[in-house]
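Please read them with the structure open.

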Amino acid sequence: MKLLNLQKNILMRNNLNIITALLVTVVLFSCKEDPNKGPLPYYGEKSFVNGDTVDYQIPEFKFFDQDSNAVTSTDLDPYIYVTDFFFTTCPSICPIVKKQMLRIYDKYKDNPKLKLVSHTLDPKRDTAGKLRKYAQKLNVSTEKWIFLTGDKDSLIDMSANYFISAYEDDDAPGGIDHSGLVVLIDTNRNVRASAQGTDPDDITEFLLDIDRLLIEYEKD
Amino acid sequence: MKKISVAIAFFLFIACNHNTYKQGKDLYESNCAQCHMPDGTGVGDLYPALTKLGPNYDYSMITCYILNGKKSESSLLEMVAIKGLTDIEINNIINYVRAGMNGLKGEVSIADTRKLIPECTE
């Protein structure tokens, strides 16, 4: 009899566990917002200016493109853009990130609202001419996909502004350690989405994020 | 007992034969996939696709590229030499690229690869 009771107890406890698990799942799913609906979130710390809440904004910048033309943040203001940091001789994560950037390029090739902006972290080797060659080898139009170079410290500082960490490290392949994050910026220079450029599945989600951001501009 | 051993040996033989390109695939993934991509499709013309080499390509030349690296025509990016592979390992990589990625029958023989190694490293 005692044994039976024990069994009953275990059974009941198991049932309770299942019910709890079900409840947790239901709560989790109901809280999770539908990723395909509504506006994208705003990344970064909010600040207060004259009593208003202001979203984090990428600071102004000026770099030089693959044709040695100056490119400023103002030039990019009409566009939303996807950005990453790399260097042409980077042996580790850059090839796969570029492969994923190419997916983004291919999908939005004909959408004039979106640009891609890749920054080099090795301006000494990655001159404008070298970046131009790199773009040619990628078979991409530099109207659509801009390659930026400039002062090394400014480029490294800029990567931090995009929440992409980069720093010089003699032990890292190529002497520079950096993350393969790709970041989506809107026309107000707010950071709206990011993804690991080394993870094709993450980029698949990121493509949906870009679609969601583009919808915001269709309404205008 | 003897019969069982023979049977086991036979099955192992079949199993191993079935995975002729397994070592080549593993070595490809750890040495080549980073630039040529895990599926061999490459990245634009920066890191060339290995899946479209076709039947007329001289696959034995891959031996030299593995041993010496390869400077690209645009001298933009250089393929680095892959160090520390044995002749058999190189041969297995080549035949994985040839059969696994390009779907070609037959293979580059280990004799061909062995013959090329001193020529490549001259």
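Predicted model: local features only at pLDDT ≥ 70, side-chain atom pairs only at ≥ 80, totals over all residues.

1. The axes of α3(A) and α6(A), the latter being residues 200-218, come within 10 Å. They cross at roughly 25°. Angles under 35 degrees count as roughly parallel, and α3(A) and α6(A) are therefore roughly parallel to each other. The crossing of α3(A) past α6(A) is right-handed.

2. Which residues make the contact between α3(A) and α6(A)? From α3(A) come Gln100(A), Arg103(A), Ile104(A) and Lys107(A). From α6(A) come Pro200(A), Ile203(A) and Leu207(A). Sorted by class, this contact has four nonpolar, one polar and two charged residues.

3. Now the nonpolar cores. In soluble globular proteins, nonpolar side chains tend to be buried together. The largest nonpolar core here has 51 residues. Val183(A) and Leu184(A) have the most contacts inside this core. Which helix gives the most to the core? It is α3(A), with six residues.

4. Leu184(A) is worth a click. Leaving out residues up to four places away in sequence, Leu184(A) touches Ile80(A), Val82(A), Arg192(A), Ala193(A), Ser194(A), Asp209(A), Ile210(A) and Leu213(A).

5. Chain B has residues in a second, separate core. That core has 12 residues. Among them are Ile66(B), Ile93(B), Val97(B) and Met101(B).

6. Next, the contact between the chains. Chain A supplies 12 residues and chain B supplies 11 residues. On the side of chain A that touches chain B, α3 (94-107) and α4 (128-138) each supply at least two residues. The most comes from α4(A), with five residues. By class, this side of chain A has four nonpolar, three polar and five charged residues.

7. Last, chain A as a whole. Chain A has six helices and 11 strands. Of its 220 residues, 33% are buried. How much of the contact set joins residues 24 or more positions apart? Among contacts in chain A with a separation of 6 or more, such pairs account for 63%.

Note on methods. Residues numbered from 1 in each chain as written. Chains lettered and ligands numbered in written order. Contact = placed C-beta atoms within 7 Å. Helix = DSSP H or I, 4+ residues; strand = E, 2+ residues; numbered from the N terminus. Nonpolar A, V, L, I, M, F, W, Y, C, P; charged D, E, K, R; others polar. Core = buried A, V, L, I, M, F, W, Y, C linked by C-beta atoms within 7 Å. Buried ≥ 20, exposed ≤ 12 C-beta atoms within 10 Å, placed from the backbone. Axes fitted to C-alpha atoms, helices over the stretch in contact; angles between N-to-C directions. Parallel < 35°, antiparallel > 145°, perpendicular 65-115°, else oblique. Left-handed = near helix turned anticlockwise from the far one by under 90°.
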